[in-house]
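Q: I have a structure here that I have not looked at before. Can we go through it together?

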Amino acid sequence: MLSASHCQVRFDVLDKVPVGILVLDPEYRILFWNECLENWTGIPRGELLDRDARSRFPNIRASSFSRRIERVFRDGVP
């Protein structure tokens, strides 16, 4: 399993993208939170990396979100 610190280096290029990008593993652990999301939400990535996204953002548990996320993990990005 990859650590968030390993992913930080791997996904560094995504900090330059002007949209919010969040990378989760299949257990909903936050592996990457880009600078755009830090600026937009005011939440530093250090508070989120390696943590379960569902504990910080309970709306992810809603079936409308969870079904889409599970489908991506199962089938890949459409």
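Q: Which element gives the largest share of the lining of the largest pocket?
A: That is α4, with 4 residues. This is a predicted model, where local features need pLDDT of at least 70, side-chain atom pairs count only at pLDDT 80 or more, and totals for chains, interfaces and linings use all residues. Residues are numbered from 1 along each chain as its sequence is written, and side-chain values use heavy atoms, with hydrogens and water left out.

Q: What classes of residue are in that lining?
A: The lining of the largest pocket has 8 nonpolar residues, 1 polar and no charged. Among them are Leu22, Asn59 and Phe73.

Q: OK, new topic. Is Arg45 buried or exposed?
A: Arg45 counts as buried because its relative accessibility is 12%, and buried means under 20% relative accessible area (1.4 Å probe, protein chains only).

Q: Where does Arg45 lie?
A: In the loop between α2 (35–41) and α3 (53–56). Helices here are DSSP runs of H or I with at least four residues.

Q: What does the side chain of Arg45 make a polar contact with?
A: With the side chain of Asp15, at 2.8 Å. A polar contact is a pair of N or O atoms within 3.5 Å; within protein, one must be able to donate a hydrogen and the other to accept it, and residues adjacent in sequence count only if both atoms are side-chain atoms.

Q: And which backbone oxygen lies 3.2 Å from a polar atom of that side chain?
A: The one of Trp33. Trp33 also belongs to the largest nonpolar core, which has 11 residues. Such a core is a set of buried Ala, Val, Leu, Ile, Met, Phe, Trp, Tyr and Cys residues joined through side-chain atoms within 4.5 Å.

Note on methods. Buried < 20%, exposed > 50% of the residue type's maximum accessible area, 1.4 Å probe, protein only. Helix = DSSP H or I, 4+ residues; strand = E, 2+ residues; numbered from the N terminus. 1 Å grid on protein atoms, 1.4 Å probe; cavity = no way out; pocket = protein on both sides within 12 Å on 5 of 7 lines; lining within 4 Å. Nonpolar A, V, L, I, M, F, W, Y, C, P; charged D, E, K, R; others polar.
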